[in-house]
Amino acid sequence: MLFLAFLLGTLSSVNLWELPTYFALGGLAFLVAQFRASGRIRWLSTVSALIVYAAGAYLFYLPFFASYVNVGASGVGLVRVPDKPGEWLLIWGFFGFIALTWTVYAVAQPVQRRHSPVSGDVRMPTGLERILSLGFRQFDRLPRLVYLHRLLVRRASLAYLGGIAFLLLTIGGGIAAMAMGHIVLGLCLIPLAFVALLLWQRGANADPGALFIALLITVALSVLAGTQVVYLRDFLQGGDWYRMNTLFKFFSQVWVLLGLATAIALPRMWRNVTGANDPAARTPRARSHVRRLWGISWASAFWLLLVASLTFTVLGTPARLSQRIVRWRPSSVR
C-alpha cells in the first residue's frame with residue numbers, strides 16, 4: 001500500500017492528470033482482491049486503504065505539493081461536439097477489437113468451481129457469473145432462460161440485483177447515447193457494462209490474469225467514456241482546440257492500460273479462438289466447423305488491423321515532421 005502511494009505521488013508530481021486514473025485503478029484493485037478472496041468487501045478496510053493511498057501520495061511528495069502552483073486549470077466543462085466515430089476508431093480500433101472480443105470470449109466461458117490450492121477450499125461461481133455465461137452461450141434460448149430464471153431464483157441478493165441493474169442501465173445508456181448522436185460514448189458504455197461485471201467473479205475463471213485484464217479494460221473504457229462527456233478547462237478554453245489537453249493527457253494513459261491488457265489477453269484468446277486448443281474430437285462436426293470459421297475470421301481481422309495500424313510508423317512520421325518542422329527533408333546533393 002505504501003509503495004503504491006509512493007508511485008501515485010511520483011505520477012502526480014510528473015503529470016497531475018494521471019493521479020485520478022491510477023488512484024481509481026488502485027482502489028478498484030483493492031476491492032476486487034477482497035471479493036475474490038472472501039466473497040465480500042470490508043468497507044472500513046477499503047476506506048482506510050484509500051486514505052493511505054491519497055495521504056501517502058501527498059506526504060511522500062510534500063515539498064513538491066507545498067510549492068505547486070496551478071496554471072490555467074479552472075474546473076470541468078461539458079463536451080460540446082462528440083468525437084467522430086471514424087476518427088476515434090483510427091486511434092482505438094486495433095486495441096478495441098482485441099478488448100471487445102476478449103470481453104465476449106471471457107463472458108461466454110462456462111463457469112466452474114475454483115479449488116484453492118493453498119487451503120483446499122472450493123469457491124463457487126456467483127449467480128451473476130452464471131447468468132452472464134448462460135446468456136451468451138445460450139442466447140438463442142434467451143426467452144426460456146428468462147422463464148427459468150423467474151421460476152428458480154426466489155431470493156436474489158442485493159449484489160446480484162445491483163449487477164443486473166448496472167448491466168441494463170449501462171447498456172440502455174449506451175444505446176440512448178448512440179440514438180442521440182454520441183456514437184463513441186455508446187461504443188464505450190456497452191462493452192463496459194459486461195467487462196465491469198467480470199471483475200466480480202469467484203469461480204475458476206477468476207484467475208489473476210483474467211481479473212487484471214478486466215480491471216485494466218474497465219478503467220480504460222471508463223476514462224474514454226468520460227472524455228466524451230466532460231473536459232478539463234484550461235488556457236485553451238473557448239477555442240476550437242478546447243479539448244486538446246484533455247484528450248492528449250487521458251488518451252496517453254488509456255494507451256498504456258489497453259496496451260497492457262491486450263498484451264495479456266491476446267495469447268489467451270489466440271490458443272482458443274484459432275483452434276489450437278479446440279477439442280474437435282469431443283465437438284460435433286457442425287459446431288467445430290463454425291468454430292473454425294469464427295477462428296479464421298477473427299485471425300484475419302486481427303492481422304488486417306495490425307498491419308493497418310503499423311502503417312502509421314511509415315506514413316505518420318513524415319506527415320508529423322512536415323506539419324511541425326518546415327523543410328525537414330534535406331536538400332538533394334548533386
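The protein chain contains 12 helices and four strands, assigned as DSSP runs (H or I of at least four residues for helices, E of at least two for strands) and numbered from the N terminus. The model is predicted, so that local features require pLDDT of at least 70 and side-chain atom pairs pLDDT 80 or more, whereas totals for chains, interfaces and linings use all residues. Residues are numbered from 1 along each chain as its sequence is written, and side-chain values use heavy atoms, without hydrogens and water.

Along the principal axes, the C-alpha atoms occupy a box of roughly 70 × 60 × 45 Å. Of the 334 residues, 36% are buried (under 20% relative accessible area, 1.4 Å probe, protein chains only). Among contacts (heavy atoms within 4.5 Å) with a separation of 6 or more, 73% link residues 24 or more positions apart. The accessible surface amounts to about 20200 Å², with 68% belonging to carbon and sulfur atoms; the area was computed by the Shrake-Rupley method with a 1.4 Å probe.

One cavity of 30 Å³ or more was found, a cavity being a set of points on a 1 Å grid over the protein atoms alone where a 1.4 Å probe fits but cannot get out. The largest cavity holds about 60 Å³ of space, the volume being that filled by probe spheres set on grid points joined across faces, edges and corners. Its lining (residues with an atom within 4 Å of a point) includes Ala106, Val107, Leu128, Glu129, Leu197 and Asn205. Helices H5 (85-107) and H6 (127-137) each supply at least two lining residues, and H6 provides the largest share, four residues.

Terms used
Buried < 20%, exposed > 50% of the residue type's maximum accessible area, 1.4 Å probe, protein only. 1 Å grid on protein atoms, 1.4 Å probe; cavity = no way out; pocket = protein on both sides within 12 Å on 5 of 7 lines; lining within 4 Å.
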